[in-house]
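I opened a new notebook page for this structure.

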Amino acid sequence: MSILEFLLEPFDYVFMQRALAVTVIAAVVCAVLSCWLVLIGWSLMGDAVSHAVLPGVALAYIVGAPFAVGAVLFGFLAVALIGAVRDTSRVKEDAAIGIVFTTLFALGLVLISVTPSQTDLTHIIFGNLLGLSHADLVQVLVLGAVTLAILVFKRRDFTLYAFDPTHAHAIGLNPRMLGAFLLGLLALTSVVALQAVGVVLVVAMLIIPGATAYLLTDRFGRMLVLAPAISAGCAVVGLYASYYLDAASGGMVVLTQGTAFTLVYLFSPRHGLVSTRFNAGRRRKLAAA
């Protein structure tokens, strides 16, 4: 088999073409948002919202509504409940997040288990990249485009909120509103990634790309370029690996992202574990000489 045949063979199939399109779109949108989540420290919030959408998806199926509607509603509900528990009790935010997202996720599991269905709803949990329909592709494309456009348009405000919310308030911005806006975009992004890797692995796509780019650069503008580039590359490599290894597509995409992070964590020129120790050892030798 030639290299060209190796590269083109998987995409002789329509389902692989759709899988590639959906995965790359989800990877790029998640990666751009992940830059802010990593800087603000909202990794656990990303986990909460991505899991909390499950009952919304199940209820949407039951009433015959689009999955995205139920997912977005429950994403907002999760954020509101976390805020309510945190602000009206002695429970701290991390505990409130854990309580809300596990309860809603369990509700989703129960709804799926008791819902009579000719459709295997477990793909909501674990993803169903190779079973995507044309309607799924259109939904991901629209939601992804809307979310990405808002993130790009409001990037300066979101960046100021991430680095210095006090200064953002001083110049007339509303930090609380910006935070709520970001959480709303997090809910939308979770719906986009849900189609690719399922509820369980969405948080990986929301955190790993931003964390990887963060180890490669100290400039936020470069993070916004590196994170989606790395994430999209991992999406393509993961899909190829899943095809030729006959493995779970969503799992391979996330595993590829985890591998990329590990390599950067070890060998990043400025912040890699191996690189920093090597450079420190070299400086000690030069100082001793």
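First, a term I need: a crossing is left-handed if the near helix is turned anticlockwise from the far one by less than a right angle, and right-handed if clockwise. I also note that this is a predicted model.

**Entry 1: α9 and α11**

I looked up helix α9, residues 155-163, and helix α11, residues 175-216. Their axes come within 10 Å and cross at roughly 110°. Angles of 65 to 115 degrees count as roughly perpendicular, so α9 is roughly perpendicular to α11. The crossing of this pair, α9 and α11, is left-handed.

Which residues make the contact? From α9 I listed Asp 157, Phe 158 and Tyr 161. From α11 I listed Pro 175, Leu 178, Gly 179, Phe 181, Leu 182 and Leu 185. I sorted the residues of this α9 and α11 contact by class: seven are nonpolar, one is polar and one is charged.

**Entry 2: α2 and α9**

Next I took helix α2, residues 14-40, against α9. Here the axes come within 9 Å and cross at roughly 20°. Angles under 35 degrees count as roughly parallel, so α2 and α9 are roughly parallel to each other. The crossing of α2 and α9 is left-handed.

On the α2 side, the contact uses Trp 36, Leu 39 and Ile 40. On the α9 side I wrote down Arg 155, Phe 158, Thr 159, Tyr 161, Ala 162 and Phe 163. By class, the α2 and α9 contact has seven nonpolar residues, one polar and one charged. Phe 158 and Tyr 161 are on my list for α11 and on my list for α2.

**Entry 3: the core**

I then turned to the largest nonpolar core, which has 76 residues. Which members touch the most other members? They are Trp 36, Met 45, Leu 151, Leu 186, Met 205 and Leu 206. The largest share of this core comes from α11, with 22 residues.

Not counting residues up to four places away in sequence, Met 45 touches Ile 82, Glu 93, Ile 97, Leu 183 and Leu 186.

**Entry 4: single residues**

Is His 51 buried or exposed? His 51 lies in helix α3, residues 43-52. Its relative accessible area is 9%, and the cut-off for buried is under 20%, so His 51 is buried. Leaving aside neighbours within four places in sequence, His 51 is in contact with Phe 101, Phe 105, Val 199 and Val 200.

I went on to Val 200, which is found in helix α11. Val 200 is partly exposed, because its relative accessible area is 34%. I also checked Val 200 against Ser 231: they are 31 residues apart in sequence and 18 Å apart in space, C-alpha to C-alpha.

Thr 147 is in helix α8, residues 134-153. Thr 147 has 0% relative accessibility, so it counts as buried. Beyond its neighbours within four places in sequence, Thr 147 is in contact with Val 29, Leu 185, Leu 188 and Thr 189.

**Entry 5: a positive phi**

Last, I looked up Asp 246, in the loop between α12 (220-245) and α13 (249-267). Most residues other than glycine have a negative phi. Asp 246 has a phi near 55°, a positive value in a residue other than glycine. Asp 246 is exposed, with a relative accessible area of 72%.

Definitions and conventions
Residues are numbered from 1 along each chain as its sequence is written. This is a predicted model: local features need pLDDT of at least 70, side-chain atom pairs count only at pLDDT 80 or more; totals for chains, interfaces and linings use all residues. Side-chain values use heavy atoms; hydrogens and water are left out. Axes are lines fitted to C-alpha atoms, for helices over the stretch in contact, and angles run from 0 to 180 degrees between N-to-C directions. Helices (H or I, at least four residues) and strands (E, at least two) are DSSP runs, numbered from the N terminus. Angles under 35 degrees count as roughly parallel, over 145 as roughly antiparallel, 65 to 115 as roughly perpendicular and the rest as oblique. Contact means heavy atoms within 4.5 Å. Ala, Val, Leu, Ile, Met, Phe, Trp, Tyr, Cys and Pro count as nonpolar, Asp, Glu, Lys and Arg as charged, and the others, Gly among them, as polar. A nonpolar core is a set of buried Ala, Val, Leu, Ile, Met, Phe, Trp, Tyr and Cys residues joined through side-chain atoms within 4.5 Å. Buried means under 20% relative accessible area, exposed over 50%, partly exposed in between (1.4 Å probe, protein chains only).
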